[in-house]
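Please find below a note on the model under review. The points move from the overall fold to individual side chains.

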Amino acid sequence: MAARKGRRNPALFPSNDLVLVKITGFVRSSRYGDLETGDILRTDKAFARHLVEEARAARYVMAMK
């Protein structure tokens, strides 16, 4: 059976709470590897908050819907 247009596989997209952050420094993570200034990352809210507030290595770009 073919997938219906507009439907996503929940295994590939476990959360609708994704945000975009722009990296403002150098970040090394086991999840995403090395990220450099200017990289845009789509990630979950918890990791984005960590990068922005705790590591101070990113800024929010927009919330994903």
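The numbered points below cover the basis of the model, its fold, its core, its surface and its side-chain pairs.

1. Basis of the model. This is a predicted model, in which local features need pLDDT of at least 70 and side-chain atom pairs count only at pLDDT 80 or more, whereas totals for chains, interfaces and linings use all residues. Residues are numbered from 1 along each chain as its sequence is written, and side-chain values use heavy atoms, with hydrogens and water left out.

2. Fold. The protein has 5 strands and 1 helix, in the order β-β-β-β-α-β from the N terminus. Helices (H or I, at least four residues) and strands (E, at least two) are DSSP runs, numbered from the N terminus. Of the contacts with a separation of 6 or more, 47% join residues 24 or more positions apart; a contact means heavy atoms within 4.5 Å.

3. Burial and surface. Of the 65 residues, 25% are buried. Buried denotes under 20% relative accessible area, exposed over 50%, and partly exposed the range in between (1.4 Å probe, protein chains only). The accessible surface comes to about 5,300 Å², and carbon and sulfur atoms hold 51% of this area. Accessible areas come from the Shrake-Rupley method with a 1.4 Å probe; for residues, only the protein chains shown count as cover.

4. In soluble globular proteins, nonpolar side chains tend to be buried together. The largest nonpolar core here has 12 residues, among them Val19, Val21, Leu41, Phe47 and Leu51. Strand E1 (18-23) and H1 are the elements that give two or more residues to this core, and H1 supplies the largest share, 4 residues. Such a core is a set of buried Ala, Val, Leu, Ile, Met, Phe, Trp, Tyr and Cys residues joined through side-chain atoms within 4.5 Å. Not counting residues up to four places away in sequence, Val21 touches residues including Leu41, Ala48, Leu51 and Ala58.

5. Aromatic pair. The structure holds 1 aromatic pair. The ring centres of Tyr32 and Phe47 are 5.6 Å apart and the planes lie at 45°, so the pair is tilted. Rings of Phe, Tyr and Trp (its six-membered ring) pair if their centres lie within 6.5 Å; planes under 30 degrees apart count as stacked, over 60 as edge-to-face and the rest as tilted. Because Tyr32 lies in the loop between E2 and E3 and Phe47 in helix H1, the pair ties together parts 15 residues apart in sequence. Tyr32 is partly exposed at 30% relative accessibility, whereas Phe47 is buried at 14%.

6. Salt bridges. How many salt bridges does a search of the whole structure find? The search finds 3, each defined as a side-chain nitrogen of Lys or Arg within 4 Å of a carboxyl oxygen of Asp or Glu. One joins Asp44 to Arg31, with the closest N and O atoms 2.5 Å apart. Asp44 lies in strand E4 (residues 40-44) and Arg31 in the loop between strand E2 (27-29) and strand E3 (33-35), so this pair ties together parts 13 residues apart in sequence. Arg28 and Asp34 meet at 2.9 Å, N to O; Arg28 is exposed, with a relative accessible area of 62%, and Asp34 is partly exposed at 44%. Glu53 and Arg49 form a salt bridge at 3.0 Å, N to O, and both lie in helix H1 (residues 45-54), 4 residues apart, about one turn of the helix.
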